Amino acid sequence: MAKGKVTFNDDACKGCELCVTVCPVKIIELNKDKINSKGYSPAHVIEQEKCIACGNCAITCPDSVITVEKL
Amino acid sequence: MSKILMKGNEAVGAAAIKAGCKYFFGYPITPSSEIPEYMSRKLPEAGGVFLQAESEIAAINMVYGAGGAGARCMTASSSPGISLKQEGITYIAGAEIPCVIVNMMRGGPGLGSIQPGQADYYQSTRGGGNGDYRTLCYAPASIQEIVDYVMLAFDKADYYRNPVLICADGMIGQMMEAVEFKEPEPIDLPPKDWATTGTGGKRKPVIVNSLFLEAEECQVHNRNLENKYKLMEENEVRYEAFGLEDAEVVCVAYGTTSRIVKTAIKMAEAKGIKVGMIRPITLWPYPYDVYNQIGPNAKGILGIEMSQGQLLDDIKIGIAGRLPVYFNGTQGGMVPTPASILADIEKIAGGTK
Amino acid sequence: MTIVYEKSKGLTDVPFHYCPGCTHGVIHKLVAEVLVELGVLDDTIGVAPVGCSVLAYKYFNCDMQEAAHGRAPAVATGIKRVHPDKIVFSYQGDGDLASIGTAEVVHAAHRGEKITTIFVNNAIYGMTGGQMAPTTLVGQKTTTSPFGRDEAHCGKPIRMAELLATIDGAKFVERVSVDTPANIRKAKKAIKKAFECQIKGEGFAIVEVLSSCPTNWGFSPVKALQWLRDNMIPYYPLGNFRNFEEGK
């Protein structure tokens, strides 16, 4: 049962992968099937139900791409 | 209105305070140090803030900040210190911030000497900083003119959103003369809604800035500045001129030098030579049109300046080749004598120069 | 549902031009969040530097002035002396603060100017393409130290936090890093204290933030933060050097 919900503003993402490395439950990946308007593959959550709403990803993201909500 | 005997440098400060200047940032340098000294005593009494900056560079940047925040503010220095301020001045002009900068010119180049000079004419009128910008430049020739033009400078700075220079020389700064402080003419000034005062949650943020990374935007900005400077050229020229119609020789000089020239002119008149004079009060915008008033008897123009002849270019533009232009000058802090100027007037009138 | 994290109202809608993974973005967020949380955003005037963050005036949602290179503390001084009741900050990189602007920041601290300075130290000059900075480490290769910074030739890097902490007017001096979420949270606490120092009228406050420059260091953003941890933190120790709250 997910504790948190994470949304990504895809077009703001620069594919830097900092969020990928700081997620304690390792549920963030770059979505290689997508290219955003900047030409990057944006990050996304692959197993939303494992999210613990720690906020690490959002805190780390330099471009304020991520919104985290606690359910 | 009663007159007070004042030293030039102190009159600068008194006039600024009378004009509502509340912030002075400066650094000591001979022969202008009495200006920060006076302001350190008098500005706090007037409810203002005096701050001695760590350098002339810091001072002009404090002026940029204070002026950008909407305050009437100024700095003062002398030639080498004004060189340091050139970066700040172009930023201020580019960001369109009002302020007053006083230069008590001294001998140069480099560290030069501490006695009077006028060798910052190019720097003042052509701009010593990068890019296309102009600053109104007033050249007072008496302590009364210091008072009048320092006060006017604050109004003009606010009106045009531009830095204004007072190009005085070290002699004027150190002299004492009787002055009166007239009430300033009321002037309609727009509100400073561009100034950084904190949004208070009531308006969008404002940005004070001279950077325009998009070239098209930067050009638009430059065109706006150009139009502003054209307005100044049309409306702000000031000069004193006399005896041009039947002059055999026309003298051109400003500041302290103009007073010595007037003495030389009296000496020449006593010898029967007709001498006219043009005394620019604004070095920029320059009174080019007045050269059209020079009559047919003129044999030549004599420019006199405490420099190697920086004022000559503008004279040549003004006279447009109609007459030969000569120079009499002193450098390094030396001050010209009436006798040497008279000798040149005689040579030009006699056709032997 | 409660919001745990969202984009700060202290930032405008203008997307950051910074390189992917550049920690300028993180530091901007922290400053913006602190200003909002302290309730002072509408009373704030910021001063932007010359460097990668030259466009900071577009990103902060408050009145901003753009300064000449290194001059931000002097510009901030002018603003604060005119508006002593407002919050004034400068945001500067290593060229701006530790090279051309050293006199200005030292004297702002010396006078105890009640301003807050955010100093972004990434050991290199980013905007101009990766030249050596006064903060570049010995042996570090940059475009103007292609063989590695040579201590005999141009000395060891300068530690600005320690230097400024010797000045009495500097009432809050702390060095932080933004290389991990834990450090980012600590950095935010320090930045908050640095603004509180101004709000309380104590004196000059500065937070030196160790940051990465993936592009000019030649690493991926993730590897760049590792390089920061391995190389910068040992030379630039994290910690507080002056704290008005502790009489330090």
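A residue is called buried if 20 or more other C-beta atoms lie within 10 Å of its own, exposed if 12 or fewer, and partly exposed in between, with C-beta atoms placed from the backbone. The views below come from a predicted model, in which local features need pLDDT of at least 70, side-chain atom pairs count only at pLDDT 80 or more, and totals for chains, interfaces and linings use all residues. Residues are numbered from 1 along each chain as its sequence is written, while chains are lettered from A and ligands numbered from 1 in the order in which they are written.

**View 1. Glu245(B) in a loop of chain B.** Welcome to the loop between strand E10 (239-242) and strand E11 (249-252) of chain B, where Glu245(B) lies; helices (H or I, at least four residues) and strands (E, at least two) are DSSP runs, numbered from the N terminus. Setting aside neighbours within four places in sequence, Glu245(B) is in contact with Gln293(B) and Gly295(B); two residues are in contact if their C-beta atoms, placed from the backbone, lie within 7 Å. The C-alpha atoms of Glu245(B) and Asn297(B) are separated by 8.1 Å, and these residues are 52 apart along the chain.

**View 2. Leu225(C) in helix H10 of chain C.** This helix covers residues 221-235. Leu225(C) is buried, because 26 other C-beta atoms lie within 10 Å. Not counting residues up to four places away in sequence, Leu225(C) touches Asp179(C) and Ser212(C). Have a look at Glu174(C) too: Leu225(C) and Glu174(C) are 51 residues apart along the chain, with their C-alpha atoms separated by 20 Å.

**View 3. Helices H1 and H2 of chain B.** Two packed helices are described by the angle between their axes and the distance between the axes. Here, H1(B) (residues 8-18) and H2(B) (residues 34-45) have axes that come within 8 Å and cross at roughly 40°; axes are lines fitted to C-alpha atoms, for helices over the stretch in contact, and angles run from 0 to 180 degrees between N-to-C directions. H1(B) is therefore oblique to H2(B), given that angles under 35 degrees count as roughly parallel, over 145 as roughly antiparallel, 65 to 115 as roughly perpendicular and the rest as oblique. From H1(B), the contact is made by Asn9(B), Glu10(B), Val12(B), Gly13(B) and Ile17(B), and from H2(B) by Glu34(B), Ile35(B), Tyr38(B), Met39(B), Lys42(B) and Leu43(B). Sorted by class, the residues of this contact are six nonpolar, two polar and three charged (Ala, Val, Leu, Ile, Met, Phe, Trp, Tyr, Cys and Pro count as nonpolar, Asp, Glu, Lys and Arg as charged, and the others, Gly among them, as polar).

**View 4. Helices H1 and H8 of chain C.** The axes of H1(C) (residues 24-37) and H8(C) (residues 181-199) come within 9 Å and cross at roughly 45°. That is why H1(C) is oblique to H8(C), and their crossing is right-handed. In H1(C), Val26(C), Leu30(C), Val31(C), Glu33(C) and Val34(C) meet Ile184(C), Ala187(C), Lys188(C), Ile191(C), Lys192(C) and Phe195(C) in H8(C). The contact has eight nonpolar, no polar and three charged residues.

**View 5. Where chain B touches chain C.** Of the two pairs of chains in contact, chains B and C share the most contacts. Here 33 residues of chain B are in contact with 28 residues of chain C. Which helix gives the largest share of the side of chain B that touches chain C? H3(B) does, with eight residues. By class, this side of chain B has 18 nonpolar, 13 polar and two charged residues. E9(B) and strand E3 (residues 63-66) of chain C run parallel and are joined by two bridges; strands pair if DSSP finds at least two bridges between them. Ile207(B) stands opposite Met64(C) in E3(C).

**View 6. Where chain A touches chain C.** This contact takes 25 residues from chain A and 22 residues from chain C. E4(A) gives the most to the chain A side, with five residues. That side has eleven nonpolar, eight polar and six charged residues. E4(A) pairs with strand E1 (residues 2-5) of chain C in the antiparallel sense over three bridges, and Lys70(A) has Thr2(C) as bridge partner in E1(C). Chain A and chain B do not touch, and their nearest C-alpha atoms are 20 Å apart.

How values were computed
A crossing is left-handed if the near helix is turned anticlockwise from the far one by less than a right angle, and right-handed if clockwise.
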